[in-house]
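Hi,

Here is the structure I promised to pass on. Please open it first, then read my notes below.

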Amino acid sequence: MAKPMPVRLDGHAREIVEVAQRAREVIARDAEFSRNVLPSIASLGRTRREHASSAQHGAPAPAAQQPRPASRLRQVVWSVVFGVGLFGATVSAALMYPPIRRIVLEPTMAVPLLIAATLTAFVALAVALIVRSSPRSAAAASVLAVIVALALVAAVVYRIAVGTTGGTSYTQEQLALWSVAAAVMLAELVLLIVKLRRTARRSEAADGVRWKGDPDYRRESERLRAYAAELAAFEPDDPSSRERLHGDWESALSSLRVAPETLQQARRVGPVAWLVWAAYDGEIDISRVRLG
């Protein structure tokens with residue numbers, strides 16, 4: 001089943017509010033119908049504004065605990081170790097890449113450099129896993145770790161495809177040992193990425209960060225949208241009351257001086273739907289329209 005889509009009203013805010021005022025007057029002529037509709041529209045408008053405000057300003061998450069801040073020295077140590085680990089893994093991967101501008105390192109130079117870079121990455125990434133990172137830098141650090149992990153995967157795939165023949169010529173034994181080392185480095189990077197993402201999420205939750213990708217926000221958005229669509233389709237049960245509502249609406253619109261496209265849409269959607277979507281918009285100030 002397709003999700004209901006909100007209706008964007010045509011016209012300037014002043015014109016939309018003016019039409020909404022007329023819609024309220026038309027609906028209010030039927031006392032019983034207005035008692036069922038107007039309070040619901042008012043409630044929808046309040047809930048929609050509160051929901052939109054929570055996305056902009058953030059709603060505190062009482063259950064979330066702020067990660068303990070690491071000391072400044074520990075943050076500096078972690079940043080240095082993390083950077084060294086990423087650099088070592090990047091150099092290790094680069095030495096397995098195809099030659100750039102036909103420059104090929106001799107094995108006598110490449111192998112010692114490869115061993116040093118790989119061992120450095122081993123140790124530094126392991127230390128970065130143990131030492132607590134700064135919550136503020138966790139999100140950015142996780143992105144850097146993903147980039148290096150992808151670079152390492154690309155080197156592994158390339159060497160699987162060309163073996164010992166592409167770029168620097170390594171022996172089969174050296175390539176096999178590096179493949180094992182690359183798997184270990186990848187495992188360390190994956191664990192770091194998971195750890196950093198969890199740290200970033202805890203920090204965001206503790207700070208009350210809300211964003212539109214949040215599952216709770218999406219569910220509430222969908223609920224409000226569905227409720228607004230259902231309310232917009234509401235009409236009097238009695239056929240004569242419905243006919244009178246539409247006639248009064250046409251008479252009210254005929255005396256309005258607004259843009260033609262605004263009048264055309266107002267005629268098409270009807271007074272209830274116009275009032276509902278004006279309240280749902282969240283950015284249009286309809287406080288002059290007495291709904292309660």
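Leaving aside its neighbours within four places in sequence, which residues is Thr-262 in contact with? The residues are Asp-10, Gly-11, Glu-15, Val-19 and Trp-274. Keep in mind that this is a predicted model.

**The chain overall**

The protein chain has 10 helices and 0 strands. Along the sequence the pattern reads α-α-α-α-α-α-α-α-α-α. The chain has 292 residues, and 40% of them count as buried. I also looked at contacts between residues at least 6 apart in sequence. Of these, 84% join residues at least 24 apart. The chain exposes about 16900 Å². Carbon and sulfur atoms supply 59% of that area.

**Thr-262**

Find Thr-262 in helix H9, which covers residues 260-269. Is Thr-262 buried or exposed? Thr-262 has a relative accessible area of 0%, so it is buried. One of its contacts is Asp-10. In sequence, 252 residues separate Thr-262 from Asp-10. In space, the two are 5.2 Å apart, C-alpha to C-alpha.

**H8 and H9**

H9 also meets helix H8, residues 239-254. The two axes come within 10 Å and cross at roughly 175°. An angle over 145 degrees counts as roughly antiparallel. H8 and H9 are therefore roughly antiparallel to each other. On the H8 side, the contact uses Trp-249, Glu-250 and Leu-253. On the H9 side, the residues are Leu-263, Ala-266 and Arg-267. By class, the contact of H8 with H9 has 4 nonpolar, no polar and 2 charged residues.

**H1 and H10**

Next, look at helix H1 (residues 13-28) and helix H10 (residues 271-281). Their axes come within 9 Å and cross at roughly 130°. That angle makes H1 oblique to H10. The crossing of H1 past H10 is left-handed.

Which residues meet here? H1 brings Ile-16, Val-19, Ala-20, Ala-23, Arg-24 and Ile-27. H10 brings Pro-271, Val-272, Trp-274, Leu-275 and Ala-278. The contact of H1 with H10 divides into 10 nonpolar, no polar and 1 charged residues.

Two names come up again. Val-19 in H1 and Trp-274 in H10 take part in this helix contact. Val-19 and Trp-274 are also among the contacts of Thr-262. I would start with Thr-262 in H9 on the screen, then turn to H1 and H10.

Best wishes

Key
Residues are numbered from 1 along each chain as its sequence is written. This is a predicted model: local features need pLDDT of at least 70, side-chain atom pairs count only at pLDDT 80 or more; totals for chains, interfaces and linings use all residues. Side-chain values use heavy atoms; hydrogens and water are left out. Axes are lines fitted to C-alpha atoms, for helices over the stretch in contact, and angles run from 0 to 180 degrees between N-to-C directions. Helices (H or I, at least four residues) and strands (E, at least two) are DSSP runs, numbered from the N terminus. Angles under 35 degrees count as roughly parallel, over 145 as roughly antiparallel, 65 to 115 as roughly perpendicular and the rest as oblique. A crossing is left-handed if the near helix is turned anticlockwise from the far one by less than a right angle, and right-handed if clockwise. Contact means heavy atoms within 4.5 Å. Ala, Val, Leu, Ile, Met, Phe, Trp, Tyr, Cys and Pro count as nonpolar, Asp, Glu, Lys and Arg as charged, and the others, Gly among them, as polar. Buried means under 20% relative accessible area, exposed over 50%, partly exposed in between (1.4 Å probe, protein chains only). Accessible areas come from the Shrake-Rupley method with a 1.4 Å probe; for residues, only the protein chains shown count as cover.
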